[in-house]
Amino acid sequence: MIDIKDINVLILAGGKGSRMNYCNKALLKYNNTTFLGHLSELFSDFSKIYLSLNSSQNIITDSFIRVDDDFKDIGPISGLYKGILESDLEYIFTVPCDVPNLNKEFINYISSFVSPYYDAFIVRDKNGFIHPLLGVYNKSCLSIIKESIKNEDYKILNIINKLNVRFIDLKYTIFDDNYILKNINTFEDYNTLNKKTKFFAVSGIKNSGKTTLITKLLEKFKENNYKVGTIKHDGHDFQMDNLDSDTDRHIKSGAQGTLIFSKSKYMFLENSLEKDLDFYLDFFKNYDFIILEGFKGSSFPKIEVIRKEISNISQCNKENLLFYVSDLNFIENNENLDILDINDIDSIFKKIKSFLKKDDLA
């Protein structure tokens, strides 16, 4: 294994951005920093960071070593060639500037494969798609890249086929490659990236029917092709007795965190002090909606479930209370909010969607 201090970085930012009105995508902002600033932080432990640009780009490069393309209008192969040529180390980690969901865990995973036995180490996602601009190249690639440019063969995938490549398959990893590898190619992509997670709570007292309603709503969201997650707060500190017995034993024996995964799913549990809701919502960045179960005393957007055999009194915090779901026609302590039939899931679903579309609940 090669230490990351022996690997340089090449950020490919010389594209024209034609689908985004020719803007410098590297300077787009996300999470209070630019794409370029984010990558600079992620790769801060590597040796040097080279920034591939075209000669017309005016970007401050104090934190980078600027490399300008020698060949114009031939695509990313030009930046790839010049960056590898200029690198003072044998290995260089290449990355497009427009992958803002990249994280250090993923970068370290890719870096762990680097060895002297291959020309390149290239990511292949869970669908088998090769990402030739995301990986690590050895200087041994230069002659083949140069020859391809000379022959006017500018497709990097054709170069990959001529190299001794170690493909890094994500098929059996826990990484969400659709999220991590997402490129920002259009303003629509960018707007989707910056949208806040939409959420609402299904609240009510114990045994009011919250879980039953949530399961029915989840079926409706799924039927309408929405990706929805759920978060439940347990004031009594949930137990793991119904989980995998070995995982349960690990936690009870003192492990601060544990992860269990299979071919179709994974779950991570960690001992931690309770954090703000925003921390937990961050796990669902690429979801359409999140349903919270409980939170009746909170100021979060919520609906309240009331069943006549349990109670006929509204007991939720009235701030951001949207409407009631009940088998009653009259609810005590109601502040003139609508009451929807608990069995009319279609109407409940439609009303929730109308509220979720409002910016104040986004």
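Helices (H or I, at least four residues) and strands (E, at least two) are DSSP runs, numbered from the N terminus. What you have open is a predicted model, where local features need pLDDT of at least 70, side-chain atom pairs count only at pLDDT 80 or more, and totals for chains, interfaces and linings use all residues. Residues are numbered from 1 along each chain as its sequence is written, and side-chain values use heavy atoms, with hydrogens and water left out.

Stop one: the second largest pocket. A pocket is an open set of points on a 1 Å grid over the protein atoms alone, with protein on both sides within 12 Å along at least five of seven lines; a cavity is a set where a 1.4 Å probe fits but cannot get out, and lining residues have an atom within 4 Å of a point. This pocket holds about 1,100 Å³ of space. Select G14, G15, K16, P76 and L133, the closest to its centre of the 43 lining residues. Then colour α2 (76-86), β8 (130-138) and α5 (156-160), the elements that give two or more residues to that lining. Which element gives the most? That's β8, with five residues.

Stop two: the largest cavity. Pick I205, S208, E304, V305, I306, R307, I310, S311 and I313, and you have its lining. The space inside is about 40 Å³.

Last stop: strand β13 (residues 266-270), where you'll find F268. Why does F268 count as partly exposed? Its relative accessibility is 46%, and partly exposed means between buried (under 20% relative accessible area) and exposed (over 50%), with a 1.4 Å probe and protein chains only.

Definitions and conventions
Grid points are joined across faces, edges and corners, and a volume is the space filled by probe spheres set on the points.
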